[in-house]
Amino acid sequence: MAVMGKKKKKTLGAISTASLPDIVFMILFFFMVSTTMREVELMIELKGSDLPTATEIKKLEKKSLVSYIYVGKPLQQYQKIYGTEPKIQLNSSFAELSDIYEYILAERAERDEAEVPFMTTSLKVHKDTKMGIITDIKQELRKASALKINYSARQDMGY
Amino acid sequence: MAKRSTPEINASSMADIAFLLLIFFLVTTTMDVDTGIQRQLPPIPENKDQKTDAEVNKRNAYLVQVNSRGNIVVNGEWVNNLEDLREDAKRFINCDRDDDPTLPEMEEITVEGIKGTVKTSKGIISLQNDRGTTYGRYIEVQNELVAAYNEIRNEASKKYFNKPYDELSDEQQGAIRKIYPQRISEAEPKNYGGKE
């Protein structure tokens, strides 16, 4: 390119790639902003396709006010210790039914008092789980008076 | 010293670095919006004297039972597929009708934003499940019941406001919700089939 100035003859210069980093940075920032990193490492089998499907779903708003309860079969590497029966996962460890009450209280203590009535508990449950354990969880939630719940489900794309 | 200009920093690798970061974020991004069916659990009754589901007038109750095989029974009768359940539930919820002793009682109320009185029904849908029912089936049934409510609300909103429910203002939606409150009760757990 430096040679170009000396020659009078005009040649097609190489396309300037100087703006390429800018473009890439722009995309990068978009992804950085829109990324939500998974906060908890799932210890149970729960891929996206393991959630039940439904058509009448609503978006879960205000993610900061949502506490999650995961239920499903433990992953392969935990099956030796925990067996293959569905287990409850709170935060990043397996829990028993009786822990749910404490968990809800702890979640509540972290939030502002004014926001407590808007807190939602999202149940992320593998669709093959039996309802027995869910019913028990619901009873625990009622005891903790965490009455707003959300049965996590995927959009059904038609039959 | 001879004039030695500071060499320009070569920025050509900038793109590479940016690309690397970009790819990292592309891979780790999970843009899942959390969706699901919203539900309100009933509070635990403080005294045992409160009305239980069984005491609600029989014609006002719509008892949906799901057994461990996923079969659906409504008020003691088998329902073979989910579409039938939706239609049947809609018939139960609907209050734009004449009085019928087999359908729930109705009362006239005034709702802000709608002229005159409108009828609302006292019907309650009660959903019971066995401990052995799969969660997937349970959600399917829940979904059908919510869908029945949504369709009925949509019809009502077209009738009163000439617009689908989603396009109504908050007050108008509130008015429709007042006519058709979503009364789906998830009954106290019962154990039908002994051990799971």
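Before anything else, a quick word on terms: helices and strands here are DSSP runs, a helix having at least four residues and a strand at least two, and they are numbered from the N terminus. With that in hand, we can say where a loop residue sits: A:N91 lies in the loop between β4 (87–90) and β5 (93–95) of chain A. Please keep in mind that this is a predicted model.

Let's step back and look at chain A as a whole. You can find four helices and eight strands in it. Reading from the N terminus, the order is α-β-β-β-α-β-β-α-β-α-β-β. Of its 159 residues, 26% are buried. Now take the contacts in chain A with a separation of 6 or more: 79% of them link residues 24 or more positions apart.

So how are the strands arranged? Strands of a sheet pair through backbone hydrogen bonds, either parallel or antiparallel. Here, seven strands make an open sheet with mixed pairing, in the order β2(A)-β1(B)-β7(A)-β6(A)-β3(A)-β4(A)-β5(A). Which strands stand at the edges? They are β2 and β5 of chain A, and each has a single partner strand, so one side of each has no neighbour in the sheet.

One place to look is A:S152, whose bridge partner in β1(B) is B:G36. Across β6 and β7 of chain A, together with β1 of chain B, lies helix α3 of chain B, residues 135–161, at about 75° to β1(B).

The contact between the two chains takes 46 residues from chain A and 41 from chain B. On chain A's side, the elements that give two or more residues include α1 (20–34), β6 (120–125) and α4 (131–143). That side of chain A divides into 21 nonpolar, 13 polar and 12 charged residues.

Let's finish back at our loop. β4(A) and β5(A) run antiparallel and are joined by three bridges, and A:L90 has A:S93 as its bridge partner in β5(A). In the loop between these strands, A:N91 has a phi near 50°, a positive value in a residue other than glycine. Is A:N91 buried, partly exposed or exposed? It counts as partly exposed, because it has 14 C-beta neighbours inside 10 Å.

A:S145 is another one to click on. Its phi is near 45°, again positive in a residue other than glycine, and A:S145 sits in the loop between α4 and β7 of chain A. With 11 other C-beta atoms within 10 Å, A:S145 is exposed.

Key
Residues numbered from 1 in each chain as written. Chains lettered and ligands numbered in written order. Predicted model: local features only at pLDDT ≥ 70, side-chain atom pairs only at ≥ 80, totals over all residues. Buried ≥ 20, exposed ≤ 12 C-beta atoms within 10 Å, placed from the backbone. Contact = placed C-beta atoms within 7 Å. Nonpolar A, V, L, I, M, F, W, Y, C, P; charged D, E, K, R; others polar. Pairing = 2+ DSSP bridges. Axes fitted to C-alpha atoms, helices over the stretch in contact; angles between N-to-C directions.
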